[in-house]
Number of protein chains: 2
Amino acid sequence: MKIKIVAFDADDTLWNNELYFQDAEKRFCELLEDFLPQHTVTRELLQTELQNIAMYGYGIKAFTLSMVETAIRVTDKNIKAETIEKIIGFGRELLEKPVLLLDDVEDVLGSLRKKYRLVMATKGDLLDQERKLRKSGLSDYFHHIEIMSEKREPDYQKLIRHLDIHPGELMMIGNSIKSDILPVINMGGHGIHIPYHITWAHEKADAPIDHPNFRQAERIKDILNYL
Amino acid sequence: MKIKIVAFDADDTLWNNELYFQDAEKRFCELLEDFLPQHTVTRELLQTELQNIAMYGYGIKAFTLSMVETAIRVTDKNIKAETIEKIIGFGRELLEKPVLLLDDVEDVLGSLRKKYRLVMATKGDLLDQERKLRKSGLSDYFHHIEIMSEKREPDYQKLIRHLDIHPGELMMIGNSIKSDILPVINMGGHGIHIPYHITWAHEKADAPIDHPNFRQAERIKDILNYL
């Protein structure tokens with residue numbers, strides 16, 4: 001294993017993210033309780049989000065539009081403008097959330113940057129991810145920031161061409177088996193999965209536990225055992 | 001003038017864009033005619049957009065959310081969900097518009113790429129700009145694609161560091177004096193302005209007509225006189 005670049009996912013790997021979305025979703029469901037039970041609204045929202053990914057991509061603006069569309073659909077257009085305004089407000093609040101680093105992130109980055117070039121590879125709204133990086137105070141640790149519209153194998157292929165390395169020289173660290181681990185391992189790279197305590201339904205996938213390039217860590221500090 | 005990189009703005013420089021937005025805006029205003037005269041809605045929408053740029057950035061999703069917010073505000077929350085659904089539909093239609101190249105774009109790119117490395121430097125939604133590039137068929141002309149959340153001087157500074165060139169080796173071509181020309185010239189680069197027949201109010205600025213690094217072209221073919 002001759003790793004040159006260690007790439008980190010950001011949301012729920014370096015800082016908290018999904019819990020803010022789940023909190024917004026909870027309040028969204030409560031808002032529509034008079035029309036439908038909460039678990040049905042959750043299911044309908046996920047369906048809208050999945051249908052919209054190809055068109056809207058990831059991130060808070062996409063999520064906000066998906067909430068509004070879901071609300072209009074499940075209420076059969078019987079929702080008040082005032083309620084839609086509240087839903088848009090949930091999106092705006094998400095954009096203003098603080099960036100809370102997970103435990104030991106700075107120590108781990110500080111230690112790894114002495115041996116490797118570090119990269120941040122994240123997907124979502126361009127502006128929002130830039131803002132979170134700025135708020136995080138982590139910019140200086142990274143040699144390169146890649147904000148991707150998707151995290152599939154061709155997207156990682158593009159990244160390693162850009163970084164001028166071979167797949168086997170890339171180690172990707174992240175909380176999503178589907179987006180951070182599988183595409184990287186499939187192209188010959190390495191991956192360490194660090195689970196976050198909640199995972200968006202769309203990101204769930206089975207870990208490739210038997211693959212020689214795959215490692216599992218409980219928390220970010222543990223990746224130092226492998227690097 | 002020792003230009004190494006010729007960078008092109010995309011929307012309204014390589015392909016039509018603003019006319020689709022103006023068409024959507026027109027239909028948006030017509031939708032609200034019962035509440036307010038069209039020119040007032042236009043003004044209110046622009047105000048919402050400008051207030052939202054710091055938070056939402058540029059692009060179609062930001063525009064869609066700004067339309068919905070404006071509609072709720074100017075109708076004093078007396079707008080039906082059905083109308084909001086139509087407004088969201090305008091945004092979705094924008095995302096599906098074809099990419100129509102402006103005249104002579106392929107000829108000019110084909111000719112310039114023999115002498116320079118070509119770059120596309122555009123702002124807006126990440127996913128949407130990638131999709132437009134793909135639809136345009138122009139990907140192969142470009143050495144590098146930069147999708148930026150803003151086009152201010154620090155953003156161009158970052159771009160030239162990334163491209164490993166001096167400011168004086170960059171020629172930027174675009175339709176917006178404010179976003180494509182002024183920041184580049186201010187840092188010591190070169191710019192050629194090619195006006196598009198309509199300009200978003202937010203992008204209007206005076207041309208630096210007396211600056212030695214500034215050139216004005218009527219259409220894209222004319223830039224070959226300078227390069």
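Analyst: Helices (H or I, at least four residues) and strands (E, at least two) are DSSP runs, numbered from the N terminus. The model is predicted, so local features need pLDDT of at least 70 and side-chain atom pairs count only at pLDDT 80 or more, while totals for chains, interfaces and linings use all residues. Residues are numbered from 1 along each chain as its sequence is written, and chains are lettered from A and ligands numbered from 1 in the order in which they are written.

User: In which helix is A:Leu127 found, and is A:Leu127 buried or exposed?
Analyst: The helix that holds A:Leu127 is α6 of chain A, residues 126-136. A residue is buried if 20 or more other C-beta atoms, placed from the backbone, lie within 10 Å of its own, exposed if 12 or fewer, and partly exposed in between. A:Leu127 has 27 C-beta neighbours inside 10 Å, so the residue of helix α6 in chain A counts as buried.

User: Which residues does A:Leu127 touch, not counting residues up to four places away in sequence?
Analyst: Contact is taken to mean that the C-beta atoms of two residues lie within 7 Å. A:Val41 is 86 residues away from A:Leu127 along the chain, and the C-alpha atoms of the two are separated by 29 Å. The residues that A:Leu127 touches, with those up to four places away in sequence left out, are B:Gly57 and B:Ser149.

User: Which elements give two or more residues to the side of chain B that touches chain A?
Analyst: Chain B brings 25 residues to the contact, and chain A brings 25 residues as well. The elements that give two or more residues to the side of chain B are α2 (38-56), α3 (60-74), α4 (81-95) and α6 (126-136).

User: How are α1(A) and α4(A) oriented to each other?
Analyst: Helix α1 (residues 18-31) and helix α4 (residues 81-95) of chain A have axes 10 Å apart and pack at an angle of about 170°. Among the residues that meet are A:Tyr20, A:Ala24 and A:Phe28 from α1(A), and A:Ile87 and A:Phe90 from α4(A). Angles between N-to-C directions run from 0 to 180 degrees, and those under 35 degrees count as roughly parallel, over 145 as roughly antiparallel, 65 to 115 as roughly perpendicular and the rest as oblique. The two helices are therefore roughly antiparallel.

User: Within what arc do the buried residues of α5(B) fall?
Analyst: In helix α5 (residues 105-112) of chain B, the buried residues are B:Val108, B:Leu109 and B:Leu112. They line one face of the helix, because, seen down its axis, they fall within an arc of 95°. Their cover includes β1 (5-8) and β2 (117-123) of chain B, whereas the face turned away carries the exposed residues B:Asp107 and B:Gly110.

User: Where does B:Asp76 lie?
Analyst: B:Asp76 is not a glycine, although its phi is positive at about 55°. With 9 C-beta neighbours inside 10 Å, B:Asp76 counts as exposed. Its place is in chain B, in the loop between α3 and α4.

Terms used. Arc of directions from axis to C-beta.
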